[in-house]
Amino acid sequence: MKKPSLIRNLLLSLLIPCTVFLVLEMIAFAKGVRLFANADSWKLFFRAVANVTLTTFALSINLDSGRFDFSLGAVSMLSATVAGTLAQQWSIGPWLTLIVAIAVAALLGLVHGGVYVLTRIPPIIVSLGMALFFEGCAFAYTGGKGVSLVTRTDIIGFSRIGNYILVTVIAVSLIVLLFDYTRFGADYRALLSGQKIAVETGIREVGNALGCYAVSGALMGVVGFISLANTGSQQMSLNFGSIGIMFTAFLPMFIGGWIGRYINKRVGIMLGAVSMALISLAYARFDTASSVQSIISALLLVLFLIYLNNEYAILSRFRKKQEIKE
Amino acid sequence: MGKQTWKERIPTFASTLGLLVLIAAYYIIGAIRDANVAYGLKAVVNQSVVVALVATGAVFIYTLGSFDISLGAATGVSALLGAMAYNATGSLIVMFLVCIGVAVVIGFINSSLASVFNLPIFVTTVAMMSVLSAFMLILIGWNGAGDTIKVKARDVRPLDNIPFKVSMLVAYIALCWFIFTLLPTGREAKFIGGNPICAKLSGIDEKKLAIIASLISAVGIGLGAFLTIVYAPTLNKDTASSIGMDVIIAIVFGGMPVSGGPRSRILSAVVGAFSMGFLSQIMSMLNLGSGFGQMIKAAIFLLVVFIALGSQRSKLLTR
Amino acid sequence: MEPILSVRGMDKSFGATIALRQVDIDVYPGEIRGLIGENGSGKSTLTSILAGIQKADAGEVAFHGKPWQPVSMIDALEHGVGMIVQETGTIPGISVAENLFLGESTRFRNRLGLVSRKAMEREARKALEVIHADHIQPGMPTAMLDLQERKLIEVAKVMVKKPEILVVDETTTALSQKGRELLYQLMNSLKKEGRAVIFISHDLDEIKQVCDTLTVLRDGKIITHFTRENYDDDAIKTSMIGREMQGEYYRADSVPSWQENVLLKADHLNGSGLKDISLEIRAGEILGIGGLSECGMHTLGKALFGSAMLTDGTLETEGKVYCDPKHATRLGVGYVSKERDTESLCQQASIRDNVAIGGLQHIQKKHLILKKRETEYVQKQVDALSIKCRHMEQPVSAMSGGNKQKVVFGKWLGAGSRVLILDCPTRGVDIGVKQSMYQLITKMKYEGKAILIISEEMSELIGMCDRLLVMKDGAVQKEFLRGQMNEAAIIRYMI
Amino acid sequence: MKNLKRTLSMALCLILMLTLTCVPAMAAGSVKIGVLVSDATSSEALAFRAYYTEYIAKAYDVEFIYSDELTDAAGEKSSIENFIVNNCKAVISFSSFDRPAQIEQCDAAGIYYAVATGTLTDEQYEEYKDYEYYVGAIGPSMDIEFQTGYDMAAYYIDQGVTRFGMFGGGVPYYVDMHIYRAAGMLTAMVEKGGEGANYKGADNAGAIIGQIYADGGIDTGKIGNLELVAYVGGYDFNDAWFGKLAQMVGTEGIEAIITVGSGVDVLGGFVAGSGVKLATVDSFTPAMGEAMDSGILDYMAGKFAASIGPIFAATYDAIQGSPIRDSEGCALALGQGFWVATDSEQFQQYSAVDSSNTDPAYTREILDQYAAPGVSFEDFAAFVSQYSFDEIVTLKK
């Protein structure tokens with residue numbers, strides 16, 4: 001077997017984000033708008049990269065193992081709520097608040113995982129129940145008020161490009177390390193495609209699943225904190241109002257999976273998130289109405305999936321055409 | 001040859017038992033709280049009938065092992081277009097047909113997209129959901145009468161009664177039950193849900209069934225949309241939006257595995273929808289406040305599923 | 001001589017089913033011990049307890065005189081008992097090296113506490129060299145390897161630990177002749193080093209050839225032992241099934257026979273690894289397809305049912321063309337897959353559902369499926385095939401392999417299939433049931449059905465077929481007629 | 001083990017049910033009033049809720065049963081059904097998807113119905129004013145909403161601000177209240193924008209309102225010598241939307257951002273430290289106070305929490321058998337406006353009166369004069385009309 005060259009892999013990995021960028025730049029040029037006009041654009045871009053990357057990690061960690069998680073949004077909301085309230089009460093700074101958010105979210109993930117492991121209810125159902133439960137908790141905890149930290153300039157000051165990059169880089173590196181270079185990761189990947197064999201060999205599935213939920217939770221804690229610091233407030237939602245965030249992670253997850261053939265999968269997810277962030281930026285720069293946004297995003301998702309699921313057929317047809325030409 | 005023992009049948013009845021427990025709790029709490037329990041029964045029917053209709057149809061989709069999250073938005077779009085059709089023509093029959101027709105078209109797009117392009121149906125419906133929700137907003141904009149699309153209340157009021165709704169529900173359930181148990185469709189659907197490869201190798205046409213299932217469920221959506229207008233003739237961008245999640249919960253509550261397959265039952269949907277109806281009556285009588293109320297609702301939901309799961313626990317974690 | 005391992009009074013049950021009762025067994029250094037018995041007799045249960053996959057309910061196990069209580073497979077392997085399992089024991093989504101050291105990644109921690117892939121792959125290369133399988137790249141994703149190579153990984157994984165006792169559970173069915181020889185070689189080297197092997201197989205010839213002693217299990221109990229000197233086919237079979245075998249095992253006659261009319265005709269099938277295959281099966285004919293497991297014969301089975309991706313070729317039955325399983329079924333073609341559990345049955349569904357699904361159009365009366373008619377229909381198959389069950393609502397997942405296969409047969413027979421494509425129909429089926437299946441197949445032949453048997457068991461093909469096609473690399477190499485078939489000649493065309 | 005699990009879960013289920021039945025049993029007995037809410041989380045909604053459940057409920061021995069956060073007319077109808085099941089004597093509504101349906105449903109069930117925010121349209125009022133169980137409406141009419149927006153914009157134009165940003169909240173969802181506030185803002189800009197100023201050709205209130213309804217949004221651009229430089233609407237809460245908000249704050253030369261509501265919640269983080277002035281319609285909560293102290297919030301129009309006291313009094317009267325009707329026997333239709341705070345001191349003053357759960361703006365002593373049999377319509381109307389801060393302070397004395 002010939003080993004594909006590194007350069008080819010790199011080029012293919014960058015294909016999607018670069019194409020997205022070029023297309024958007026062209027539209028921007030046609031519209032007479034600049035995509036990256038000022039510091040705010042950059043900030044939006046990097047915040048979206050951080051948010052989407054982390055959310056997609058959080059989703060895919062469990063989804064890859066066949067565990068649907070509707071509770072991601074609720075975890076992010078509840079952890080931000082608790083962390084924000086404590087930040088107010090204890091007057092702690094942004095980094096400490098971030099750590100509190102991560103800790104709370106990881107704990108929530110553990111609770112979620114614990115319920116799943118103890119009851120053995122199918123994960124998708126557990127996650128529905130937990131989403132409702134966490135939403136209820138957040139509401140009850142603040143009496144529905146949510147958190148308002150708009151006057152806490154230190155916490156709002158966290159919203160800086162440098163911090164976003166830092167958070168993204170740390171998260172990507174930690175996740176790569178955890179899933180590709182530790183026992184936990186090795187066990188995780190073994191359980192992923194060979195659950196029965198792995199368990200029989202002596203890999204502890206329960207511990208691994210709990211770990212996954214905790215990590216997924218922790219990531220959502222960061223996402224929650226980023227949004228809290230961004231607006232200075234955390235609004236409450238009930239009756240599955242929080243699940244929307246999960247849907248934003250599908251497209252980057254699939255893109256990440258595709259890029260993952262050529263480069264580390266987690267880096268692929270980050271590149272998928274970069275593509276999504278560019279699209280978000282474009283929506284903001286072009287002042288796209290939200291209903292148009294949702295239609296475009298949905299179409300992109302469906303089109304990419306059509307390509308992904310019919311790649312073989314599409315490519316072979318393409319090749320045939322080329323052969324005929326030649 | 002022997003018969004099934006009682007023990008083996010427990011999982012089949014657990015959810016029905018859950019419904020009975022909830023009804024009992026409803027009467028007990030109602031008595032303590034001095035509530036108008038008789039009126040409450042009417043309220044339960046009024047509030048559960050739409051979910052029951054949509055969920056009953058959705059059982060076909062869930063049986064196949066698919067997962068449709070766009071049901072609520074589909075109901076919403078059908079209702080909006082139905083209402084607009086009524087306002088244009090003044091005919092309830094046109095409204096009824098438009099509701100069903102729109103749902104059928106949406107169902108057809110959904111299922112053919114998924115089966116022609118081999119897409120994972122869940123993600124397809126996620127995309128469909130956002131398109132449909134956006135479309136609702138666009139429809140309201142086109143309609144151009146503020147934030148709502150209205151049908152004159154007195155025009156639909158004659159239909160807003162329990163006998164009409166219940167007979168519609170019963171008729172639809174009977175139809176679904178007929179297709180599910182007396183025609184090959186149901187058997188084949190269960191088989192696909194249980195083992196798609198084996199189903200294919202047993203000569204079952206998966207794509208055809210996916211389309212049939214979404215068409216049957218589209219009829220449920222259409223009826224649900226029609227009754228939504230009848231119940232509350234002022235529609236807005238969030239009309240029926242909660243139905244998507246309610247349907248999932250109802251089906252699970254009714255004791256059907258979300259993964260579908262051989263243990264699927266048509267009646268799960270009604271049992272689940274009415275369980276939810278009684279649960280929400282209980283919650284409202286307890287007046288616990290939104291946060292605590294929702295927490296307890298979630299706990300009861302998980303508890304019922306846990307008990308209904310019976311002995312189906314294995315060494316490996318469920319996926 | 002001190003035994004390496006001795007088991008006393010072992011019990012194990014799964015719910016109401018008793019898998020092992022009061023089993024006593026000793027394994028001595030330098031022996032290759034065959035374990036034989038019908039499906040569900042407890043062979044795999046016994047060995048899986050020894051290898052740490054599950055725990056016994058009662059009884060004592062001593063390993064070199066010390067209590068033996070492994071918590072997992074890896075723990076057992078670490079302490080001297082390694083097992084190569086019957087099913088696939090490798091995980092497709094991870095690399096070869098990761099499979100070799102599954103659950104032991106901590107061994108390769110570097111100074112930073114991270115798992116070093118390089119170190120792991122280096123070790124993996126060494127392990128593969130031990131079993132002379134160094135053509136396998138340790139860094140490769142396992143999913144890219146074929147079945148045989150994957151099995152070799154399992155062998156390497158166990159062998160690198162130099163186990164005191166090696167358990168081989170029906171591994172050889174997945175291996176080619178070359179692979180088998182390699183495995184026998186390894187087993188013999190263990191034997192020479194004073195270690196022991198427990199060898200499980202359904203293939204009586206193989207087990208007699210390989211093992212020094214044979215232990216027969218039946219219904220979870222040890223029935224008897226044989227030593228090489230007193231091996232006797234009939235005695236072994238009798239002790240396995242607990243009664244004397246009645247009637248013929250394979251077909252009695254030795255002349256090819258068939259009727260005039262062609263029931264299945266395939267023309268120039270190409271694609272999915274098949275190379276221009278044409279064949280015809282006539283009514284009342286049993287056509288065999290033999291070859292190594294990767295020769296394309298299993299694909300051919302699928303292709304003849306219309307479920308393989310072909311670039312070329314036509315299929316017809318009784319003059320009617322079909323191209324997919326749906327049409328095939330409708331025209332009376334049935335297909336029994338090699339992968340019974342994943343492709344032939346819906347595990348959670350009941351016997352009733354699994355049998356009835358094939359014949360819904362027969363059960364229908366005025367388009368309706370009535371429970372009474374369905375019950376009658378299923379009951380007929382249950383009786384005809386003597387499927388063992390308490391009632392037809394029982395899920396098939398809890399049934400034994402042979403019984404499951406009967407359910408699959410019931411599905412197609414009930415549906416009135418005239419052409420049956422049977423891919424390894426007796427795979428993992430014990431001798432008693434096997435015999436009744438052979439009798440059934442023979443009966444179907446005389447009823448005028450066209451039968452295709454794809455099999456990796458030479459004796460089965462020779463014993464049953466009117467005509468045998470030998471395949472290699474996706475193409476038919478040679479045709480043999482009944483009466484002319486001889487094992488050596490056939491093998492020559494296979495490799 | 002398995003049996004244990006099952007018994008355990010059964011037992012758990014039972015215990016849960018029992019506790020559920022016992023806890024609230026103690027609260028039964030008092031008069032129950034159902035409250036419909038379409039917003040359960042905004043600070044205004046929470047302040048209202050606190051006033052009812054923590055002050056009024058104790059003072060008058062009534063129990064308020066709140067609906068879930070409603071999103072459509074079907075939800076309103078279901079909630080009223082639930083109130084009827086609970087034997088509520090009246091419904092106070094903060095939800096306006098389908099007011100006529102609510103009135104008719106309550107009237108048919110024989111329970112009193114009152115509107116606590118907004119008012120009916122004129123046609124609606126004509127139709128329902130005679131309904132026996134329709135108590136009436138007290139709250140800002142659309143005119144008052146319009147005026148609130150107008151005043152906000154005018155305040156800045158008078159200060160010499162020329163470049164505005166606007167946050168439209170529910171405008172893209174056609175929320176009437178928000179459209180009227182936004183229209184008020186634009187009208188102020190048109191009127192004060194000098195010669196020939198217009199918004200997309202519209203130069204009067206009616207035309208502007210029509211234009212917004214037609215567009216489902218608001219366009220940026222010059223309005224005479226003033227300019228609307230940026231506009232964001234909706235509540236998407238996604239990256240693009242937050243991006244648009246940040247972009248608006250960062251728009252070159254922007255001086256003030258006027259919002260139809262939730263300004264601090266959605267924009268506070270971006271405005272902090274930017275020097276852009278932020279004006280909003282919200283309520284007098286501590287969080288808003290801090291925002292005002294720190295200079296993030298510059299102008300706030302708000303309903304005080306106790307502003308829903310009079311509608312309670314009227315409803316309570318009706319339940320007691322003596323509804324307040326005007327001289328022609330019609331239901332109430334009274335307007336009530338906002339308090340406006342433009343500096344921290346003023347805000348604190350308002351907030352001190354407003355946020356107390358023991359001594360709110362309308363205390364029991366004040367309400368008792370009106371929540372009693374035989375109150376005349378004129379007295380009551382006069383009482384409601386004295387809603388300004390100074391008037392209430394006088395009243396309290």
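Reader: What covers the buried residues of α16(C)?
Author: The cover includes α8 (233-241), β13 (286-290), α15 (401-414), β17 (419-423), β18 (450-454) and α17 (458-464) of chain C. Helices (H or I, at least four residues) and strands (E, at least two) are DSSP runs, numbered from the N terminus. This is a predicted model, in which local features need pLDDT of at least 70 and side-chain atom pairs count only at pLDDT 80 or more, while totals for chains, interfaces and linings use all residues. Residues are numbered from 1 along each chain as its sequence is written, and chains are lettered from A and ligands numbered from 1 in the order in which they are written.

Reader: Which residues of α16(C) are buried?
Author: They are C:Ile431, C:Val433, C:Lys434, C:Gln435, C:Met437, C:Tyr438, C:Ile441, C:Met444 and C:Lys445. A residue is buried if 20 or more other C-beta atoms lie within 10 Å of its own, exposed if 12 or fewer, and partly exposed in between, with C-beta atoms placed from the backbone.

Reader: How many residues does helix α16 of chain C have, and what span does it reach?
Author: Helix α16 of chain C (residues 431-446) has 16 residues and reaches 23 Å from its first C-alpha to its last, close to the expected 22 Å. The expected span is 1.5 Å times one less than the number of residues.

Reader: What comes just after α16(C)?
Author: C:Gly448 is found there, with a positive phi of about 95 degrees.

Reader: Turning to chain A, how many helices and strands are there?
Author: Chain A has 15 helices and 2 strands. Its radius of gyration is 21 Å, close to the 20 Å that the globule rule gives for 326 residues, so chain A is as compact as a globular protein of that length. The radius is taken over C-alpha atoms, and the rule is 2.2 Å times the number of residues to the power 0.38.

Reader: What share of chain A is buried?
Author: Buried residues make up 60% of the 326 residues in chain A. Among contacts in chain A with a separation of 6 or more, 83% join residues 24 or more positions apart. Two residues are in contact if their C-beta atoms, placed from the backbone, lie within 7 Å.

Reader: How many residues does the contact take from chain A and from chain B?
Author: The contact takes 44 residues from chain A and 40 residues from chain B. On the side of chain A that touches chain B, α5(A) gives the most, with 13 residues. That side divides into 26 nonpolar, 13 polar and 5 charged residues. Ala, Val, Leu, Ile, Met, Phe, Trp, Tyr, Cys and Pro count as nonpolar, Asp, Glu, Lys and Arg as charged, and the others, Gly among them, as polar.

Reader: And how many residues come from chain B and from chain D in their contact?
Author: Chain B contributes 38 residues and chain D contributes 36 residues. The largest share of the side of chain B that touches chain D, 5 residues, comes from α2(B). The residues of that side are 16 nonpolar, 17 polar and 5 charged.

Reader: Finally, into which domains is chain D divided?
Author: Chain D has domain 1 (29-140 + 305-337 + 362-396) and domain 2 (143-302), with bounds from an automatic or database domain assignment. Their centres, taken over C-alpha atoms, are separated by 30 Å. In chain D, 9 residues of domain 1 are in contact with 9 residues of domain 2.
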